[in-house]
Every structure is written in structure tokens, then in C-alpha cells.
Amino acid sequence: MADTNTVVVDEKTFKEKVLDSDKPVLVDFWANWCGPCKMVAPVLEQIAGEHKDKITVAKLDIDANPSLQRDYQVMSIPTLLLFKDGQPVKQIVGAKPKAALESDLSEYL
């Protein structure tokens, strides 16, 4: 298995790894069939590696975890939700270049 800077979460681990995290967690709601999700994945991997002391980047497959998609009203993908202290504090919809994502996340990086 390749080294990765992101963590995979599902319905069983979401509370522990996202809601109870000491650091802000950026959750990537994605699906295997989603082309834009595949485009943004390497960018998120870079952000996770470069800012791992300040933020955790987690990946959530919406096909395998539909209840979380419904609970957080994710209507299109890729959607990035930033959680801080167990609450969603920022939503980013659509694939964006690294500089745009870092700008959107600047107050947490």
C-alpha cells in the first residue's frame, strides 16, 4: 500500500477521526466514478502532507457511506467540508486548484 497523507473515514470512524479530532479536519466527500474528485485528490494529498501539523485531510466515499452524505446535505461532489471542534465551519464545492484551496483554507493552515 502506498504511503498517503490522507486518512480514510467511514460511518464507523467518522466521530473518532473527524468530530472528536483536536485538529481541524477537511473531509473530502467523493466517489470513485467522479472525474473531478480524481482531479482534486492529488491536490488534497499535497495539502495534507504540507500542512499535516495544522490540519487533517480525510476522504469519505459517499457511495459506501450514504447516511453521512445525507446528514451533511452534500448535494454534489467533490464537496469539501471543514470540521473544527466537531462542527462543520466551511464548505468548498467543486474541484479547485491548489492555490485556490489554500486560499479558502488560509485561516486554518
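Predicted model: local features only at pLDDT ≥ 70, side-chain atom pairs only at ≥ 80, totals over all residues.
Colleague: Okay, disulfides. How many does the structure hold?

Modeller: A disulfide is a pair of cysteine sulfur atoms within 2.5 Å. The structure holds one: cysteine 34 and cysteine 37 have their sulfur atoms 2.3 Å apart. The link between cysteine 34 and cysteine 37 is right-handed, with 80 degrees about the S-S bond.

Colleague: Are those two cysteines buried or exposed?

Modeller: The scale first: buried means under 20% relative accessible area, exposed over 50%, and partly exposed in between (1.4 Å probe, protein chains only). Cysteine 34 has 4% relative accessibility, so it counts as buried. Cysteine 37 is buried too, at 2%.

Colleague: Let's move to aspartate 28. Where is it, and what does it touch?

Modeller: For elements, helices (H or I, at least four residues) and strands (E, at least two) are DSSP runs, numbered from the N terminus. Aspartate 28 belongs to strand β2, residues 25-30. Contact means heavy atoms within 4.5 Å. Not counting residues up to four places away in sequence, aspartate 28 touches Leu44, Ala58, Lys59, Leu60, Pro78, Thr79 and Leu80. Its relative accessible area is 0%, so aspartate 28 is buried.

Colleague: And aromatic pairs: how do I read those, and what is the count?

Modeller: Rings of Phe, Tyr and Trp (its six-membered ring) pair if their centres lie within 6.5 Å; planes under 30 degrees apart count as stacked, over 60 as edge-to-face and the rest as tilted. By this rule the count is three aromatic pairs. In one of them, the rings of phenylalanine 14 and tyrosine 72 have centres 5.6 Å apart and planes at 45 degrees, so the pair is tilted. Phenylalanine 14 sits in helix α1 (residues 14-19) and tyrosine 72 in the loop between α3 (66-71) and β4, so this pair ties together parts that are 58 residues apart in sequence.

Colleague: Which ring pair joins tyrosine 72 and phenylalanine 83: stacked, tilted or edge-to-face?

Modeller: With centres 5.1 Å apart and planes at 90 degrees, tyrosine 72 and phenylalanine 83 are edge-to-face. Tyrosine 72 is partly exposed, at 24%, whereas phenylalanine 14 is buried at 2% and phenylalanine 83 is buried at 1%.

Colleague: What else is phenylalanine 83 in contact with?

Modeller: Leaving aside neighbours within four places in sequence, its contacts include Val18, Leu19, Pro24, Val27 and Pro88. Phenylalanine 83 is in strand β4, residues 79-84.

Colleague: Then how does β4 pair with β5?

Modeller: Two strands pair if DSSP finds at least two bridges between them. Here six bridges join β4 to strand β5 (residues 87-93), and the strands run antiparallel. Leucine 82 has lysine 90 in β5 as its bridge partner. β4 and β5 form a hairpin with two residues between them, and aspartate 85 in the turn has a positive phi of about 55 degrees.

Terms used. Residues numbered from 1 in each chain as written. Heavy atoms only, no water.
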